[in-house]
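Student: I've got a new model open and I'd like to learn how to read it. Can you walk me through it?

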Amino acid sequence: MIKIVTTTLLIMLTSLILSAQDLKKYRWDNRIIIVKSISSTNHQFQKQLKEFQGNEDGLAERKIVLFEIVGGKYRTTDYTSDCHLSEWKTLSNPQLKLTSKSDFEVVLIGLDNGVKLMQNDLFTYEDLCRKIDSMPMRMAEIRGAE
């Protein structure tokens, strides 16, 4: 039963994400990490962002764009272009707001714009690398670089 509910939620979230103009432009070029919280001072939110600090090269290699979503605002960090951090903007798609009952959520979206992971716990940099590096498209990227 839990698998059915989880699968349904993932399918719904995927379709919502695919319709979001702010994410569509990254399809096939970037993987997206979305870190959501009700407050920018949330401990888990801050800890999650610190996981990425100092790992910019690895994030760039994995073609990561980070979306920080707090309430109705968001900003991005594009690790593929000198870690360009955008200004805070108003979220144009309200469905991208925090959807769980938790006050913190992390979502990983693959190159195909499909949801690869969604959780309410810290996603360590090592877990992120392991998850992405096990994906078929990433494995092809690694083989192509050899």
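Tutor: Let's start with the overall fold: there are 6 helices and 7 strands, taken as DSSP runs numbered from the N terminus, with helices being H or I of at least four residues and strands E of at least two. In sequence order the pattern is α-α-β-α-α-β-β-β-β-β-β-α-α. This is a predicted model, where local features need pLDDT of at least 70, side-chain atom pairs count only at pLDDT 80 or more, and totals for chains, interfaces and linings use all residues. Residues are numbered from 1 along each chain as its sequence is written, and side-chain values use heavy atoms, leaving out hydrogens and water.

Student: How do I read strand pairing, and in what sense do β2 and β3 pair?

Tutor: Two strands pair if DSSP finds at least two bridges between them. Here β2 (64-70) and β3 (73-78) pair in the antiparallel sense over 6 bridges, and Val65 sits opposite Asp78 in β3. Their hairpin has 2 residues between the strands, and Gly71 takes a positive phi near 60° there.

Student: Which residue of β4 does Asp78 stand opposite?

Tutor: That's His84. β3 runs antiparallel to β4 (residues 84-85), joined by 2 bridges. β3 also pairs with β5 (residues 89-90), again antiparallel over 2 bridges, with Tyr74 opposite Lys89.

Student: Next, pockets. How do I find one, and which residues lie nearest the centre of the second largest pocket?

Tutor: Rolling a probe the size of a water molecule over the atoms shows where empty space is left. On a 1 Å grid over the protein atoms alone, a pocket is an open set of points where a 1.4 Å probe fits, with protein on both sides within 12 Å along at least five of seven lines; lining residues have an atom within 4 Å of a point. The second largest pocket has 14 lining residues, with Gln53, Leu66, Glu68, Thr77 and Tyr79 nearest its centre. α3 gives the largest share of that lining, 4 residues.

Student: Is Ser40 buried, partly exposed or exposed?

Tutor: Buried is under 20% relative accessible area, exposed over 50%, partly exposed in between (1.4 Å probe, protein chains only). Ser40 counts as partly exposed because its relative accessibility is 34%. You'll find Ser40 in the loop between β1 (31-37) and α3 (43-52).

Student: What does Ser40 touch?

Tutor: Contact means heavy atoms within 4.5 Å. Not counting residues up to four places away in sequence, Ser40 touches Phe45, Gln46 and Val70.
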